Amino acid sequence: VAKGVIQDSPPVQSRSPSPGLLTPGAAPYAQGEVPASEPEITFLRQRNNAAVRDGRHFYDAFEMVTCKGRETHTATYKVGDHIYTLPATGEEEMYIAQIDGIFQDRDGEWIDCIWLERAKDMKVLVNAREWNQTRSNLLPGEVFLCTTVNANPIQCIEGRVEILTLEDYEEGRKAMGKGTESIGFMKNKFVCRQALIDAGKKVGGSLTPVVYDKGRGFSVPQNKGKGKHR
């Protein structure tokens, strides 16, 4: 999976393997385990404005059906959804992304990904003074929206992930009551309240509050973002 850079559709040979398929040199499947088949993709709701542009057909959503042995898994994804994607290496945690666009072209089926970084990966991306102030006030499971977008094959998706707004986090914490145990509701969840703004040639970016739209997901106020953000 390509992460953190802006690019057009990657060539076919650069695509990541489909979920459940072995990569070269990987260990064989356990006895009796059947590898997943190539996912079946059905596009839903073609976009009304600019539905076809530069040879790309854009959509609002798609259905993915994956078969593994006798089990069939069906999931629907749409613009604004948050997903896990295959990392570049097996040693890394799953990448976290927001779907910013869905399209098909002559090379395949793609999603435009906006990446969200975990707090542990932010130190080298933010200027030192601002990060020292931020890290002392981190929330459990906090992630940070990036402002670059790139295209990756739909087959890189590993599943859905839940990312809360700050308001939803505070409501959930309040509902659980006071005390440190109240953060237990955040298990397998994340929360996003800030975005990373690229500093260009300067060392270390800066952070700015995000806004949230149910149909598009998290974004940066228009006068703040410097990356490719649509």
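Mentor: Of the 230 residues in the protein chain, 42% are buried (under 20% relative accessible area; over 50% is exposed and in between is partly exposed, with a 1.4 Å probe and protein chains only). This is a predicted model, in which local features need pLDDT of at least 70 and side-chain atom pairs count only at pLDDT 80 or more, while totals for chains, interfaces and linings use all residues. Residues are numbered from 1 along each chain as its sequence is written, and side-chain values use heavy atoms, with hydrogens and water left out.

The part I would pick is strand β11, residues 189-197, where eight of the nine residues are buried. The chain has two helices and 14 strands; these are DSSP runs numbered from the N terminus, with at least four residues of H or I for a helix and at least two of E for a strand.

Now the partners of β11. Two strands pair if DSSP finds at least two bridges between them. Strand β8 (residues 142-153) runs parallel to β11 and is joined to it by four bridges; Phe144 has Gln194 in β11 as its bridge partner. Strand β10 is also parallel to β11, with three bridges, and here Leu164 is partnered by Val191. Strand β12 (residues 206-209) runs antiparallel to β11, through four bridges, and Leu196 stands opposite Leu207 in β12. In a regular strand, side chains alternate between the two faces of the sheet.

How far can the model be trusted here? pLDDT is the predictor's confidence in each residue, from 0 to 100. The chain averages 80, and 75% of the residues score at least 70. Strand β10 (residues 162-164), one of the partners of β11, has the highest mean at 97, whereas strand β2 (residues 52-53) has the lowest at 78. Residues 5-34 have pLDDT below 50, yet the model gives this stretch 52 contacts beyond near neighbours in sequence, a contact being heavy atoms within 4.5 Å. Residues 226-230 also stay under 50, with 18 contacts beyond four places in sequence. Where pLDDT is low, the predicted coordinates should not be read in detail.
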